Amino acid sequence: MTFRASAHRQPTPGGVPVTPTPAEPRCEFMRDPVGLGERQPRLSWVLQSDRRGVRQTAYEVLVAGEEADLTPDRALWGTGRVSSEGSAHVRYDGPPLESRRRYCWKVRVWDEAGTVSGWSEPGLWEMGLLNPDDWQARWVEPRQEPVTPEPPINFFAAMGMGPRTPEETRTLPGKLHPCPRLRRTFEIPGPVRKARLYATAHGLYTLDLNGERVGDRELTPENTSYPQFLMVQTYDVTGQVQLGQNALGVTLADGWYAGRTSAAGDSLNFGDRLGVLFQLEIELEDGVRLTVASDGNIRSSVDGPLVYSDLFIGERYDARREMPGWSTPAFDDSGWSPVTLAEYGYDNLVMQYGEAVRAVMTLPALQVLTTPAGETVVDFGQVIAGRVRMTVRGAAGTEVFLQHAEVLDEHGNFFQNITWRNKDQTDVYILRGGDEETYEPTFTFHGFRYVRVIGSPGAVRAEDFTAVVLASDLPMAGTFETSDPRLNRLQANVVWSQRGNFLSIPTDCPQRERTGWTGDIQAFAPTAVFNMGVNAFLTRWLRLVQREQLPDGQIPNFVPTTPSMVDPFGAPSSAGWGDACIIVPWVLYGEYADEGVLAENYPTMQRWVAYIERQAAEGLPENSSAEELSPAERERQRYLWNTGFHFGDWLIPSIPHPVEGAMATRELVATCFYAYSTNLLAQVAGVLGKVEDAERYAELNRRVRQAFAGEYLSPDGRLRAHFQGVYVLALHLGLIPEERRPQVLGQLVGMIEANGDRLDTGFASVPFLLDVLCEGGRPDVASRLLFQTECPSWLYEVERGATTIWENWRAITPEGEVQPVSYNHYAFGCVGDWMYRHLGGLRRLTPGYRHFAVRPDFGCGLTSVRLSHDTVYGPAAVAWTRDGDSLKVEVTVPPGTTATVHLPGPVEHVEVDGHPLSSGAGVSGIETRDGEVRVNVGSGVYTFTAALPDGREMFSPRGVDLTT
């Protein structure tokens, strides 16, 4: 068998190497952000070059207030020549930045030959309002009825309480109130050079200026911990402010502040009155500065068309109540009411960080169904988070009900899969009559694929309905495609669930709770970073985690924490959930090489581990006492987290009720995560140069692992809690002594095989399942699990028509029964991370992919895999195809990085560009080990072709751990 490798040589003009060019300037991971609140923002760029082996050896950054000042002698701040390979997270360290001011910057670099590049195109950022005394505006509250409180109710009692019938929905205006509108007029005496509008609200808000919507943000100021972390949005309205008379309009809704949220459908999470704060700052061409702020000169009304709008229940819009021109200067507001000034202060205000929620795409209706029950249902073909845009024509006063759901039942009828209190997901549009009308809700969104239409005045046509997808507007960072359409659908399902649940915060589901469950995101974060650029998004959420941490160090099970949420389990935190405060920053550091996120969260991590340490040292499990224990046993108990409630390995398929699974696994799972967090914290401390801390946490981790094995591991390798997930966690997190690992792995494999080659893992363990098997030399078992199509499995869902990841492995039973659960939960989609690393072969070896491995499993049963991933240094890509025993592998290595490509041997059969493999042309090293050739390459594009040796089996064991 022969093996050949050919490498694309990028030609350069005249044969002269092309100097790398810095490009794609980013400030805090965003392009030209406006309204930034970071006082020392971080700057990043990537290198572009047409040749191989490119490496940055130094850089110089200049920052100025005007582009004309971007010269070394006029710049506000410059780094000078800094010897560094780093092109990410260069922190501004110049004079203090000023509120409102715009800054521009550029960078140049030196390559490995010492040649300096030209300057990059300038990047920009603009500061927001940094200080409380920057605010002249006052909080104002329109005349309104206080939001109606919901009766306190237990979490479990909220199940099965809805949805309402159309007749019941008509009674909602009795407790849900109209959305207030506010307006303020002002005069501009001259041409405008620049105008910025800063705004936030108690509740949700939209802005109109002179009759036109301001910006394209949705659901502002987003889901947040209002008393501690209320984001302010910045809008460039230069083109909307006009000479002469102007009018600014605001519409408010209950939103997360006062509306019916959380699983129990409670209201008044933060307050019962809506309010707004805005400040419009205008600079005229002649240099005059004007400020128009929220104050007592504002008028308000509740007579508009939004009869009510609730995030979960839905919206009622009466088009007959529309007020044409209400946000224009000429509108007569003499009948409107004055507002009330409120005293809330500015200390909790922060400028928006990270990408906004937007309408990121639209989907046309796929078809209109008439169900066996005779109902009309619009099918959009994809489960999403968003809303419907409907075009309709009919008589004035006609009510059209739009009811949303994710699935049809086993008979093909409309099925509202979420029936908890206040989870109606029903919008009502009342026609004004006459011409064709188009309706799209404003302050609500739903989780759905199907919409039941009731009361349409004419035939329901697919062309009259569009689904509008809402999500935080994150850049896509990865693509993944294989020769198996089922795996491609699985990957698409993972991405769609991430899109639907990365809406302002990382949520569990877009229909029932929309809650920032910490356990879900810690399990999914490694997959999330492959699919989308989430650094700013998750950094912002972690800032909420920091503020929500309890005084004793506990991390709430969900963040933001809703004060009205009744904790059904009597415990505000849980192992595997609170640990997100360490796991998520560690994932971000690994993906983006961002030490800043570790430093920012380090105190939070320490307080969480200190809480665990106290719980373990001071507590004993139920029905035991210190007097019954020997000194050795009591000492061991100090390192076992075996008290209190924990979710354990939540949602184990073989246990019908999840709480039963939690009770059966909580003790061992909690101690596993105690080990996980102490190990990670020791590594975090090492990265941050905190040597004594690193040593202390490493020693604590050693004691926890020792105690676990001594307490729970029997001589035959059986663990006290005999469940697949417990074995997976214990093996992956290092709680099994090295010499006992084969024995314990044998227990796990035996359980899988006894279960018909099906998984039986829950939220806490499934992220590590396939890695544990592959690292333990049983990739054959991993293969059978991945390609399993019986329930429970990933492909079972795909073959049942899933378009997102289900909350429960048995959401649709093998008998076809459709269960009342969420069909859009990303947690079990954590397999995406493994597919990128093992099937595609892209494996990060150092933070940020400065060095990575390309090591696909060519025997995985697929004939091709193609992936790309945007690293902080630029796009990396792997594409391999197999045709019988013929193999082709294409690898893209970003400038400034290196890769080790693993290929079948022997080395004498390897060729590059038709010649025997040797150093040069980007190849910097060749090694033969473990029956394969390892080729070290610098940046560039490489194509290898080969003939595979006979007998290579699916998921062949390799015995090398390349996980990160």
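A: Start with a pair of strand residues: Asp318 stands opposite Ile430 in strand E32. This is a predicted model, where local features need pLDDT of at least 70 and side-chain atom pairs count only at pLDDT 80 or more, while totals for chains, interfaces and linings use all residues. Residues are numbered from 1 along each chain as its sequence is written, and side-chain values use heavy atoms, leaving out hydrogens and water.

Q: In which sense do E22 and strand E32 pair, and over how many bridges?

A: Two strands pair if DSSP finds at least two bridges between them; strands (E, at least two residues) and helices (H or I, at least four) are DSSP runs, numbered from the N terminus. E22 and E32 (residues 426-430) pair in the parallel sense over 3 bridges. E22 also pairs with strand E21 (residues 306-310), in the antiparallel sense over 4 bridges. There, Tyr308 stands opposite Arg316, and a hairpin of 3 residues joins E21 to E22.

Q: Which residues lie on each face of E22?

A: In a regular strand the side chains alternate between the two faces of the sheet. In E22, Gly314, Arg316 and Asp318 are on one side, with Glu315 and Tyr317 on the other, and all are buried. Buried means under 20% relative accessible area, exposed over 50%, and partly exposed in between, with a 1.4 Å probe and protein chains only.

Q: How many residues does the largest nonpolar core have?

A: In soluble globular proteins, nonpolar side chains tend to be buried together. A nonpolar core is a set of buried Ala, Val, Leu, Ile, Met, Phe, Trp, Tyr and Cys residues joined through side-chain atoms within 4.5 Å. The largest one here has 158 residues, and Trp541, Leu773 and Leu839 have the most contacts inside it. Helix H9 (residues 658-687) gives the largest share of this core, 14 residues.

Q: With which residue does Asp111 form a salt bridge?

A: Side chains of opposite charge can pair when their charged atoms come close. A salt bridge is a side-chain nitrogen of Lys or Arg within 4 Å of a carboxyl oxygen of Asp or Glu. Asp111 forms one with Arg51, and the closest N and O atoms are 2.9 Å apart. The two partners are 60 residues apart in the chain: Asp111 is in strand E9 (residues 102-111), and Arg51 is in the loop between strands E4 (42-48) and E5 (56-64).
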